[in-house]
Every structure is written in structure tokens, then in C-alpha cells.
Amino acid sequence: MARIYNFSAGPSMLPEEVLRQAADEMLDYNGSGMSVMEMSHRSKVYDEIIRNTEAMFRSVMAIPDNYKVLFLQGGASMQFAMVPMNLLAKNGVADYVLSGNFSQKAWEQADALAKAFGKTVNIAASTKEEKYCRIPTQKELKLAPNADYVHICSNNTIYGSAWQYIPDTGDVPLVSDMSSYILSRPVDVSRFGLIYAGAQKNIAPAGLTLVIIREDLLGEPLPGTPIMLNYATMAKNDSMYNTPPCWPIYISLLVLQWIERTGGLAAMQQRNEEKAALLYNYLDSTTFYQTGIAPEDRSIMNVTFTTGNEELDAKFAKESAAAGMSNLKGHRAVGGMRASIYNAMPRQGVEALLAFMKNFEKANG
Ligand SMILES: *Cc1c(COP(=O)(O)O)cnc(C)c1O
């Protein structure tokens, strides 16, 4: 059975080496006589796994000591609620920048909670009127000086745009949804108060949500915040207040080891930029396909494009699938095509897509 190139936006490809190692260990992890899936999370063997995983996140991402690394569940979408529940109690004001679907969802959830608790959630900037074709500039951000935090989404998975700068928010903590951005390049964690990410794009299988939070932001949630949704509970208990997502945590360890073996995040960034450039250079050289994102704000993880003709786009999706490339149909909110080329997508996969795109243009242009 041959593997195909899976361009899914998430869950998405995992490195083949990781899958092979996991398969080899499926019946007996390291002489324990059982799979990591079957282990008590309180066992000595598993304790070592989760500690190693945290240590690897800290070393690969260069996370400063005054940050907690939390392994949670509920997806990035749960963070849309947990962030305001935990951070909005102090001054009762937060700023949200809308740059795509997920940042809009995050704002909707924060706004609903703010209304229930008599707090204020502002839209500091939005490019919605421009169909989210670009990222707001620093100058456009209307930031409240007394905000408890500013929320952004670093990479807009659906539209295919990404922040190319870290906004300056002064002393106000910056919070970012990095679900489709994390581990794609080095990030200066110290510029953020909180980073969160669903695992299923660049970290591990679905089921794990990573939260990196500066310690001084713990411990002042909205009244009535459930114990399970309080970051302080999870920080105090080393993510073991209840059963953590044991298996995805373990796979994230293997993924981090793979990143380290292949040169770390700087090398990862270089490979990712080269892969994305293969597609963007071609897209810029032809009028057959169009990409709606401002060139300076393009994502290197999610490349969106269209022929401008719905029937041709549907044909593209169908024929590319038949050629061994899956999930190239764009998100229903945007249409067209989307190639998600996360860390685990090999360069050969992008080259195969490029060749297919050229042939498709020849046959239909
Ligand atoms: C995939 C994604 C989400 C949703 O993640 P879930 O884990 O399904 O809740 C949120 N934000 C971004 C940027 C994403 O890419």
C-alpha cells in the first residue's frame, strides 16, 4: 500500500519516520510489554514520557523558564473560551484582531462571555471587509492601553495568510492562536503572554492542545470558571489533574525528536519557505490560477488558489485526488483550492503538486 500526498488542513500528515517508530512500538513500548496507548498516565514509564515531552518542547522552541507548558484537550476551539475565562477578569477589557475565520470565532466566543460577565471585547482591527486578503498593519491596530490581552491568529489556515511581524502591544500580553503556525519556524516566545495550538496540524494527532503561558497570567479567572478550564489547575498538576491525552503527547515527543534530528526549527523554516516558494513562484508566473492573498502576507503553511471557475476547481480537486494527492479542495468558506504543506509534507509532495498544476493548466488553459 503506497502512501499518498495528503494536503489536508488538519488532521494532516505526520512524518513517515514517526509513524514507523510508533508502529514498531505498538505492541511493546521499550520493554514495558504494552503500548503507550494502554499505559496508566500515573505509571513511571509514562511519567518519563510526559516529562521528556515537556523538556523537548522547551528546548526545540526555546521556551523561557517563566512559562508553563500545558497539555490540554478540547482543541484550539476550547481555547477561544479558556483565554477570556482566565485572562479577562482583571481590567475586563480585551482586544481582538480579526484576520480570518478562526480569529473571528475566537472573538465571537470572547464577546459572548464578555456580555455575560459585563466585560468588554473590542475589535482592534479587521480585514473582513476585504475578504481577509491581508493582515492588518501595526498602524491599523486600535489598542486599548488598559486591555488584559490582545488576541491574534498567527496563521490563517482557511484563507492562507500569516502575520509576518509580531505586533507591538506594549505591556499588554499578546495571545496567539498558533494552531497552523507552531513548529513551522522559530518563534520568540518571550514576546507572547500565551500561545495555544491544536496539535493536529504540526504537532501530533488530534486530541492534544498545547498551551504555553507566562506564569504571571495564571490564577485570576472569571468567577465560576470550571476547575478543569482554569489554567492554574493544570499548571499546578503538571497537566495531570485528570487523564491527559497520553498518546498524542507521546507522538508529539517523536515529532519533536524528528525536528531536532533534521536541524531544528531554523532548518524547518528554510525547508518550509522553499516548499512554499515552489508554488507561489509558479502562481505568480501564470494567469490561469489566482491567489487572493496579498503577496507580503502569504502563508507558507496553507497555499490557497483558484482558477476562478467553480467547475474547473471541482475538476482539479477530483483529478488531483485520482493522481494521489488528497484534500486539495479549499475550505467551504472560501472555495477554490488549498494546499496545506505543513512540516511533514515532503518537498517531493509539493513538486508532484506543482507538476500536476502545470499539466492541468496545459490541458484546461
Ligand atoms: C484548526 C484550527 C483551529 C481549530 O482547531 P480545533 O482543534 O479543531 O478546535 C483553530 N484555529 C486555527 C488557526 C486552526 O488552524
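Residues with under 20% relative accessible area are called buried here, those over 50% exposed, and those in between partly exposed. The model shown in these views is predicted.

**Figure 1. Residue N327 in the loop between β12 and β13.** With a relative accessibility of 47%, N327 falls between the two cut-offs and therefore counts as partly exposed. The loop that holds N327 runs between β12 (325–326) and β13 (337–340). N327 is not a glycine, yet its phi is positive, near 65°. Most residues other than glycine have a negative phi.

**Figure 2. Residue K131 in the loop between β4 and β5.** The strands on either side of this loop are β4 (120–126) and β5 (149–153). K131 is another residue other than glycine with a positive phi, here near 55°. Its relative accessibility is 68%, so K131 counts as exposed.

**Figure 3. The cis peptide bond from G10 to P11.** Omega of this bond is near -10°. Most peptide bonds are trans. P11 is placed in the loop between β1 (5–6) and α1 (16–24).

**Figure 4. The whole chain, as a setting for the close-up views.** The chain holds nine helices and 13 strands. Its radius of gyration is 21 Å, close to the 21 Å that the globule rule gives for 365 residues, so the chain is as compact as a globular protein of that length. Along the principal axes, the C-alpha atoms fill a box of roughly 60 × 55 × 30 Å. Of the 365 residues, 56% are buried. When contacts between residues at least 6 apart in sequence are considered, 70% of them join residues at least 24 apart.

**Figure 5. Helices α6 and α7.** Helix α6 spans residues 246–261 and helix α7 spans residues 264–285. Their axes come within 7 Å and cross at roughly 80°. This angle makes α6 roughly perpendicular to α7. On the α6 side the contact is made by W258, I259 and E260, and on the α7 side by G264, L265 and M268. Sorted by class, the residues of this contact are four nonpolar, one polar and one charged.

**Figure 6. Helices α7 and α9.** The axes of α7 and α9 are 9 Å apart, and the helices pack at an angle of about 10°. The two helices are therefore roughly parallel to each other. From α7, the residues E274, K275, L278, L279, Y282 and L283 take part in the contact. They meet R347, V350, E351, L353, L354, M357, K358 and E361 of α9. By class, eight residues of the contact between α7 and α9 are nonpolar, no residues are polar and six are charged.

**Figure 7. Helices α8 and α9.** Helix α9 (residues 347–364) also comes within 11 Å of helix α8 (residues 310–322), as taken between their axes. The crossing angle is roughly 135°. At this angle α8 and α9 are oblique to each other. The crossing of α8 and α9 is right-handed. In α8 the contact residues are L312, K315, F316, E319 and S320, and in α9 they are L353, F356, M357, F360 and N364. The class count for the contact of α8 with α9 is six nonpolar, two polar and two charged residues.

**Figure 8. Residue L174 in strand β8.** Strand β8 covers residues 174–177. The relative accessible area of L174 is 1%, which means that the residue is buried. Leaving aside neighbours within four places in sequence, L174 is in contact with V150, I152, I166, P167, T169, R191, F192, G193 and L194. M26 lies 148 residues from L174 in sequence and 40 Å from L174 in space, C-alpha to C-alpha.

**Figure 9. Residue S32 in the loop between α1 and α2.** S32 and V97 are separated by 65 residues in sequence and by 48 Å in space, C-alpha to C-alpha.

How values were computed. Residues are numbered from 1 along each chain as its sequence is written. This is a predicted model: local features need pLDDT of at least 70, side-chain atom pairs count only at pLDDT 80 or more; totals for chains, interfaces and linings use all residues. Side-chain values use heavy atoms; hydrogens and water are left out. Axes are lines fitted to C-alpha atoms, for helices over the stretch in contact, and angles run from 0 to 180 degrees between N-to-C directions. Helices (H or I, at least four residues) and strands (E, at least two) are DSSP runs, numbered from the N terminus. Angles under 35 degrees count as roughly parallel, over 145 as roughly antiparallel, 65 to 115 as roughly perpendicular and the rest as oblique. A crossing is left-handed if the near helix is turned anticlockwise from the far one by less than a right angle, and right-handed if clockwise. Contact means heavy atoms within 4.5 Å. Ala, Val, Leu, Ile, Met, Phe, Trp, Tyr, Cys and Pro count as nonpolar, Asp, Glu, Lys and Arg as charged, and the others, Gly among them, as polar. The radius of gyration is taken over C-alpha atoms; the globule rule is 2.2 Å times the number of residues to the power 0.38. Buried means under 20% relative accessible area, exposed over 50%, partly exposed in between (1.4 Å probe, protein chains only).
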